[in-house]
Amino acid sequence: MIGRKLLRLSVAVTIVLASLPELAAATQVIFVNGIQNFTRQQALDSATEIQRVLDLSANHSTTKRDFEVLLRYNPDGFTPDSLPAGCNLPCQGVQLKQDYVELFIQKVAEEHFYTNFPNILAPFDAITTIDRSAAAAVAAYIDKLPGDNSLEPDDATSKQLAVKLAPNAVVVKGLVADIKAAGAAIVVAHSQGNLLANLAYAQVAAEMGDQARKIVRVVNVANTTRFAVSGLNITHANDGALFATASRFALETLPSQGNNWTRTTPYTQATSGCGTNSSCNLVLAPPTFKGASTSGFLDHEFVATYLSTYDLPEDPTARLSVPLTAGKTRFVDRFEDFVYAAARSLETANVPPLNPVLFDNLGDRQFVGLNYDTNGTLFSISVTGEQLGLVRNPILGNKLQGKAAIAFSMPAVGGADLKSIELPIYIQGGTNQVTLSIRRDINGLPDTSSVLATDTIIGTLKTVNAFFTDQTFTTTTINYNPGAVPLLPNTRYWIEATALDTTVAIWPYGRTSASALVAYSSGGAPYATGDPPTAIRIVVTPK
Amino acid sequence: MTTTITTKRLLAVFGGAVLLAGVLVACGGGGSEQDAAVQEAERAHALGLLDKLPVSWKPNAITFSANPGFRQDVPVTLTTTKALTNAKIVFVPDLRNAVTVVPDTVPALAAGQSTTVTLRFAPAATDTRKLIAGIALLYDKGTTTISQPLPVKISIVPAEIVNGVAVPPEPPPELNNATLAGFDVNGNGVRDDVERVLASSFGSSPLVATYLRFATAEQQVLLTGSSLALAASDGAYLCGGLKSSDTDVLTNILLNTPQRQQAYKSATAAAPAVSIRAVKRSCQ
């Protein structure tokens, strides 16, 4: 027993050594500044600080990664026609107004595509389908001003505004080019930069569809948008530039401030209390952390707030699925955690489909598929995917959405009957109930019309004391009647998990959006100490 | 030969546009005559006596100070109410030694139209005058059309020392802010108003040379948006140990007009993403 543990340890050490930074290509982190970083030098300061924090990787010393930080400078778009005498930049009154104009136009655009964007989200911890046509509809707003608002009453004004906001489109296109050139990149966007990052992501998604999740993750810092592309949103409730509860300058209430900028959008028309020529509030993604006080202006600045050493209290209701370093609670700790989660997720998405050779359980951290036939012989079913978990989807009113799936496929010859699937399972919540479905693959996606089997799993309420170090997940075996689930040769199948909307649950130590963990693969280095519970056994009866 | 040019005579000359050559010859004497001619023109202009002449200038006067040996381009726009053909821009002879114009001929300009020419001031290094003054005129011999006079007055002053740094005089805002480039009379690549702020803010700093490199690069970013200029700016900033709170002082002066802001934004928005590590590597 001790010998086996030593063997595991030695393998683990080998793996750690093999993943030292100098041996791995650096993950590119592209920083897009917001309006507050007006000058290029301020933006360089922010990017330099990101590089310093990630070079240090203080909370990931044993799983340290190499990052190369790039600055995609966003100089803001709108410039006023004239500056009052003696009012060079930064001239607060003028600066503030031009910032507001820019933000207002971009938020109005967002209200035009707000129903499309949920269809292109790609959470870092789940496999979702990206709707390319929806992405194209969003990306169209890179060059298109939204119209129907108080800043664009006629064509002439609109044209002037278009010229003034042209640098925004240039930045977005540059960011798209950066992402493609990197091959795989993490975009860190701050404040207004989030609005541009979303458009850039939409363009990538429109061009690449589901493959987009292989090349980009977005970490939203002080998120001015209503979405978090990758579910990696670091925004605290006391951000005075964003939330009305924090200050009277909040972006949320911009339409009813001062000039009372109004707009008629699909959102206002579909929303009670808004309608036409509306000055109702703009919608932002809810904060993901409780309010904090920092030295940053409006508690919104990138470095002085979001990379600061001030404490950033967790908000259990946010149910983030980002693994947070235990005992580390500062803004800068959270930033590091989010970037690491993005990097791991990006890496996992680029792991090629596994082959049976990788099916060991000794430390490669890939999804473990111990696949046997009924005679107990290893059977060559390949298993891919990251996890079979459920995530809370804020767009669906925080209902649980089980898009995550594991795919397995049969070899080119033969065929089999599915006999059983054995999974480690952790479910915590009101109903402790998850439905597992087997679907056949159609064109690379689980075909909703081809449900081969549906089973309900009742989980056991458990207390998990440390992230993924508790390996006592209940092993659940689902048995299938002979012939009930025939598996064709050379065909891929999906195991898909769903949960009742009423399920309310909390991830281990109450911090994530996932409510149920049926099986999981970290796909790379472990999130924390200890092995994740990654065994899945698929048993088939060969024909 | 000495001649006193009176307002009456100016009007007679300009209004009739027949004795231009005579005026130019008449103005070919000593400095006092030039001064008198300029004063006459200015006075007539101030009284509105010349306003009905068909060609006007914008700006309608050029006055600035510079150090000896200066070079400076000043674009001026002329607008005509009468069609022009092969109109020539000429100077009172005293100015001719210090200024050229590009182009010096306006081939054709319809009534109501404008065109811009550049006055290139570059007195000889041996020129020791303390004041260079005169008049620029546009004359269309074919249509006997003549412009309102454009008075020019350049005071030559020694370089001012601010915090140990020799700086050019403060440029006139209306001329300096009329173009992206602005005034750079000493031709060191830094706009004069920026250079003066740099000297007053950082002249005594050991990093003054780095600030100067930074300001030179930023001016090139503004004018060309080239990757080379951006790399030079980023290098000066990140390698030179500058702080954004300090460089922002210079940037805010540099981008002191909407046109400059817009140009800078367009240039930097289109720039490639910059790798912090790559810039730092270039420091060695």
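**Notes on the predicted model**

1. Chain B has 284 residues, of which 50% are buried. Its secondary structure consists of eleven helices and 13 strands. This is a predicted model, and the points below should be read as such.

2. For chain B, the accessible surface is about 12200 Å², with 57% of that belonging to carbon and sulfur atoms. Of the contacts in chain B between residues at least 6 apart in sequence, 69% join residues at least 24 apart.

3. The interface brings 39 residues of chain A into contact with 33 residues of chain B. About 2800 Å² is buried between the two chains, and carbon and sulfur atoms give 52% of this area.

4. Between chain A and chain B there are 13 residue pairs in polar contact, both residues being at pLDDT 80 or more. On the side of chain A that touches chain B, helix H2 (40-56), strand S2 (67-72), helix H5 (155-164) and helix H6 (166-182) each supply at least two residues. H2(A) gives the largest share, nine residues. By class, this side of chain A has 19 nonpolar, ten polar and ten charged residues.

5. Gln41(A) lies in helix H2 of chain A. What does Gln41(A) touch, leaving aside residues up to four places away in sequence? The list is Phe214(B), Glu218(B), Ser233(B), Tyr237(B), Ser244(B), Thr247(B), Thr251(B) and Tyr264(B). With a relative accessible area of 0%, Gln41(A) is buried.

6. Over all chains the count is 19 salt bridges. Three salt bridges are counted between chain A and chain B. In one salt bridge, the side chains of Arg277(B) and Asp55(A) meet at 2.9 Å, N to O. Arg277(B) is partly exposed at 22% relative accessibility, and Asp55(A) is partly exposed at 33%. A network of salt bridges links Asp55(A), Asp66(A) and Arg277(B).

7. Within chain A, Asp178(A) and Arg72(A) form a salt bridge through their side chains (2.8 Å, N to O). Asp178(A) is in helix H6 and Arg72(A) in strand S2, so the pair links parts of the chain that are 106 residues apart. Asp178(A) is buried at 11% relative accessible area, and Arg72(A) is buried at 4%.

8. Within chain B, the closest N and O atoms of the salt bridge between Glu170(B) and Arg196(B) are 3.1 Å apart. Glu170(B) lies in the loop between strand S12 (165-167) and helix H5 (173-176), and Arg196(B) in helix H6 (residues 192-202), so the pair ties together parts 26 residues apart in sequence. Glu170(B) is partly exposed at 47% relative accessibility, whereas Arg196(B) is buried at 18%.

How values were computed: Residues are numbered from 1 along each chain as its sequence is written. Chains are lettered from A and ligands numbered from 1 in the order in which they are written. This is a predicted model: local features need pLDDT of at least 70, side-chain atom pairs count only at pLDDT 80 or more; totals for chains, interfaces and linings use all residues. Side-chain values use heavy atoms; hydrogens and water are left out. Helices (H or I, at least four residues) and strands (E, at least two) are DSSP runs, numbered from the N terminus. Buried means under 20% relative accessible area, exposed over 50%, partly exposed in between (1.4 Å probe, protein chains only). Contact means heavy atoms within 4.5 Å. Accessible areas come from the Shrake-Rupley method with a 1.4 Å probe; for residues, only the protein chains shown count as cover. Buried area is the accessible area (1.4 Å probe) that two parts lose on being put together, summed over both. A salt bridge is a side-chain nitrogen of Lys or Arg within 4 Å of a carboxyl oxygen of Asp or Glu. A polar contact is a pair of N or O atoms within 3.5 Å; within protein, one must be able to donate a hydrogen and the other to accept it, and residues adjacent in sequence count only if both atoms are side-chain atoms. Ala, Val, Leu, Ile, Met, Phe, Trp, Tyr, Cys and Pro count as nonpolar, Asp, Glu, Lys and Arg as charged, and the others, Gly among them, as polar.
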